[in-house]
Amino acid sequence: MLSIIIPVHNQVEYTKMCLESIGQHTPEDHEIIVVNNGSEDETCLYLERNPHIRTIHNQENLGFAQAINQGLRIAQGKYIIVLNNDCIVSSGWIRSLLWAAEKQDIGIVGVMSNFVSSPQLIKVHLHSLEDIPRIAQELKEKYDHSLIYTTRVVSMCMLIKRELIAKIGGFDPRFGLGNFEDDDFCLRSVLAGYKNAIAQDVFIYHFGSITFRQKKNLRDQLMKENWRKFKEKWELPAELPFGDKFYLDRIISGKSNDLPETLYIPYDYSPEVN
């Protein structure tokens, strides 16, 4: 079995589309864990009407890392999928992700998408959401079982091996509402001796930045603040500018793989939830 953890904060209409696409395209044995981060819209009511979904309700927005860690505490799957609620999955997505993950040296597997940073970005001509199955099939046929090895995998959709979580723990909550917690997690995976990869034959449609779309100032502030926190944690030069292409390589080249005790982030602590 695999566990799909979806953190949500409002935007119930996107959550509905995401969950409906999972129901339509995921015949594999799975559980869905939705972590409701203080939503004020109809999210609570919608989740109550779907008792097959395992839910955690927070009274406030605890941030992405905390939400994922809460999901990890109750997840039962051999594989964990972290998924944004503004994503729509496609036919065969699990099958291809599992094929990649079953390679012995891989810890994390990412996907291709229309709204994500390179090298996961693929330009598509989308006239409506009905085009998603066609685009996904075209990508599957063109890149069947093709992988791109990389350090960074964006957490909009990533599959994580349970054995990796046993070695490095969960996401680092110091990054608050979000940004750089996935960089940190992927970096720790590599330093623990794993490879991270992107499944080129998996297309996930991503609406993109829904939570922060109307809060650009907050997004920019979080990006700036968490970049500072990331540099401090990994002892990067304070003057290193945001957007440096080799910041992860700088860290990897300066660290050894014999640091398991410094890589582990406990995920068994969580604030009180209702």
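Author: Helices and strands are here DSSP runs numbered from the N terminus, a helix having at least four residues and a strand at least two. The model is predicted, and the element names below follow that numbering.

Reader: Which residues does the cis peptide bond join, and in which loop is Pro 119 found?

Author: The bond has an omega of about 5° and joins Ser 118 to Pro 119 in the cis form. Taking the strands and helices as numbered, Pro 119 is found in the loop between β6 (106–113) and α5 (132–143).

Reader: In which helix does Asp 183 lie, and is Asp 183 buried or exposed?

Author: Asp 183 lies in helix α7, which covers residues 181–191. The cut-off for a buried residue is a relative accessible area under 20%, and because Asp 183 has 3% relative accessibility, Asp 183 counts as buried.

Reader: Which residues does Asp 183 touch, leaving out those up to four places away in sequence?

Author: With contact taken as heavy atoms within 4.5 Å, and with residues up to four places away in sequence not counted, Asp 183 touches Arg 152, Phe 230, Tyr 247 and Leu 248.
Two of these, Tyr 247 and Leu 248, belong to the α9 side of the contact between α7 and α9, to which Asp 183 contributes from α7.

Reader: How do α7 and α9 cross, and by which residues is their contact made?

Author: The axes of α7 and α9 (residues 247–254) come within 11 Å and cross at roughly 35°, and the crossing is right-handed. The contact is made from α7 by Asp 183, Leu 187, Val 190 and Leu 191, and from α9 by Tyr 247, Leu 248, Ile 251 and Ile 252. Sorted by class, the contact has one charged residue, no polar ones and seven nonpolar ones.

Reader: How many of the residues of helix α3 are buried, and against which elements do they pack?

Author: Helix α3 (residues 64–74) is largely enclosed by the rest of the structure, because nine of its 11 residues are buried. Among the buried residues of α3 are Phe 64, Gln 66, Asn 69 and Leu 72. The buried residues of α3 pack against β1 (2–8), β2 (30–37), β3 (54–58), β4 (79–83), α6 (162–168) and α7.

Reader: What is the relative accessible area of Cys 186?

Author: Cys 186 counts as buried because its relative accessible area falls under 20%. The value for Cys 186 is 1%.

Reader: How many aromatic pairs does the structure hold, and what kind of pair do Trp 227 and Phe 242 form?

Author: The structure holds 11 aromatic pairs. The ring centres of Trp 227 and Phe 242 are 6.0 Å apart and the planes lie at 80°, so the pair is edge-to-face. The pair links distant parts of the chain, with Trp 227 in helix α8 (residues 216–233) and Phe 242 in the loop between α8 and α9, 15 residues apart. Trp 227 is buried at 6%, whereas Phe 242 is exposed at 52%.

Reader: What kind of pair do Phe 230 and Tyr 247 form, and which residues do ring pairs link into a cluster?

Author: The rings of Phe 230 and Tyr 247 have centres 5.8 Å apart and planes at 80°, so this pair is edge-to-face. Phe 230 in helix α8 and Tyr 247 in helix α9 are 17 residues apart, and both are buried. The cluster linked by ring pairs consists of Phe 180, Trp 227, Phe 230, Phe 242 and Tyr 247.

Reader: What is phi of Phe 180, and what is phi of Glu 235?

Author: Phe 180 has its place in the loop between α6 and α7 and is buried, with a relative accessible area of 6%. Glu 235 is in the loop between α8 and α9 and counts as exposed at 65% relative accessibility. Neither residue is a glycine, yet phi is positive in both: near 80° for Phe 180 and about 60° for Glu 235.

Conventions
Residues are numbered from 1 along each chain as its sequence is written. This is a predicted model: local features need pLDDT of at least 70, side-chain atom pairs count only at pLDDT 80 or more; totals for chains, interfaces and linings use all residues. Side-chain values use heavy atoms; hydrogens and water are left out. Buried means under 20% relative accessible area, exposed over 50%, partly exposed in between (1.4 Å probe, protein chains only). Axes are lines fitted to C-alpha atoms, for helices over the stretch in contact, and angles run from 0 to 180 degrees between N-to-C directions. A crossing is left-handed if the near helix is turned anticlockwise from the far one by less than a right angle, and right-handed if clockwise. Ala, Val, Leu, Ile, Met, Phe, Trp, Tyr, Cys and Pro count as nonpolar, Asp, Glu, Lys and Arg as charged, and the others, Gly among them, as polar. Rings of Phe, Tyr and Trp (its six-membered ring) pair if their centres lie within 6.5 Å; planes under 30 degrees apart count as stacked, over 60 as edge-to-face and the rest as tilted.
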